[in-house]
Amino acid sequence: MSALRVYSIFRSLQGESTRAGLPCVFVRLAGCTVGCLFCDTRDAAVSSGRVMTIDEILQQVSAFGCPLVEVTGGEPLEQPSVHALLSTLCDTSGDVLLETSGAYPIDEVDARVRVVMDVKTPSSGVAHRFLDRNIDEIRRRRGEVKFVISDQADFDFAVERAVQWNLVESNPVLISPAAGFDAAVVARWILDSGLHLRLQLQLHRVLWPDVQGDI
Ligand code: SF4
């Protein structure tokens with residue numbers, strides 16, 4: 001039977017992506033070896049989690065009665081059984097998101113899943129982990145591409161990649177200021193760029209800066 005290492009399952013408002021502001025159930029999987037310098041979910045990244053079957057996960061998710069579900073981490077794609085989980089969630093939920101680092105292939109992800117994929121910026125220290133072949137796939141799926149911005153060099157990198165990969169017209173490109181970085185500065189950079197980029201504030205952190213988990 002397929003099982004996964006789960007860090008937590010909780011309900012909150014979706015804080016990121018084009019679904020920001022909607023109630024959402026999060027399945028946060030345990031474990032990540034990508035190693036970003038600014039990891040904001042380090043507890044989950046280093047945790048070995050609790051082993052749960054897909055049926056057990058589904059039971060907890062469905063108890064919330066929420067049509068929007070996100071599988072996140074950690075890095076969900078480090079667990080092979082995540083594909084079965086995602087497909088099962090698609091069979092039972094209205095809208096399924098996957099949040100992933102961009103370091104692992106997304107082409108095996110169920111086509112019904114809305115993929116939100118990071119492109120790691122230089123300040124993360126792991127920009128080299130990005131898998132270039134994911135760009136063709138995210139464009140084909142019209143998935144969401146996220147850049148976390150800690151300084152001007154990160155923003156310039158994001159603009160360069162978004163233009164080079166011809167993403168701006170085809171996919172939502174999310175520009176997300178890192179925790180503690182002045183979002184108004186990033187907003188100004190977006191306006192000055194003249195590009196169709198979307199400022200993404202981490203809404204859950206604005207509303208509940210000290211809460212991680214169920215609200
Ligand atoms: S990919 Fe995500 S969970 Fe993994 S180290 Fe980076 S920020 Fe943390």
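Visitor: What makes the crossing of H2 and H3 right-handed?

Guide: The crossing of H2 and H3 is classed as right-handed, a term that applies if the near helix is turned clockwise from the far one by less than a right angle, whereas anticlockwise makes a crossing left-handed. The model is a predicted one, in which local features need pLDDT of at least 70 and side-chain atom pairs count only at pLDDT 80 or more, while totals for chains, interfaces and linings use all residues. Residues are numbered from 1 along each chain as its sequence is written.

Visitor: Why are H2 and H3 called oblique to each other?

Guide: The axes of helix H2 (residues 54–63) and helix H3 (residues 82–92) cross at roughly 40° and come within 11 Å. Angles under 35 degrees count as roughly parallel, over 145 as roughly antiparallel, 65 to 115 as roughly perpendicular and the rest as oblique. H2 and H3 are therefore oblique.

Visitor: Which residues of H2 and H3 meet?

Guide: Ile 54, Ile 57, Leu 58 and Ser 62 of H2 meet Ala 84, Leu 85, Thr 88 and Thr 92 of H3, contact being defined by C-beta atoms, placed from the backbone, that lie within 7 Å. Five of the residues in this contact are nonpolar, three are polar and none is charged.

Visitor: Why is Ser 17 called buried?

Guide: Ser 17 has 23 other C-beta atoms within 10 Å. A residue is buried if 20 or more lie within that distance, exposed if 12 or fewer, and partly exposed in between; Ser 17 is therefore buried. Ser 17 belongs to the loop between strand E1 (3–13) and strand E2 (23–29), and has a positive phi of about 75° although it is not a glycine.

Visitor: Is Asn 166 buried or exposed, and why?

Guide: Asn 166 has 11 other C-beta atoms within 10 Å, so Asn 166 is exposed. Asn 166 is placed in the loop between helix H5 (152–164) and strand E8 (173–177). Phi of Asn 166 is also positive, near 55°, in a residue other than glycine.

Visitor: How do you know that the radius of gyration of the protein chain agrees with that of a compact globule?

Guide: The globule rule is 2.2 Å times the number of residues to the power 0.38, and the radius is taken over C-alpha atoms. For 215 residues a compact globule would have a radius near 17 Å, and the protein chain has 16 Å, which agrees. Of these 215 residues, 39% count as buried.

Key: Axes fitted to C-alpha atoms, helices over the stretch in contact; angles between N-to-C directions. Helix = DSSP H or I, 4+ residues; strand = E, 2+ residues; numbered from the N terminus. Contact = placed C-beta atoms within 7 Å. Nonpolar A, V, L, I, M, F, W, Y, C, P; charged D, E, K, R; others polar.
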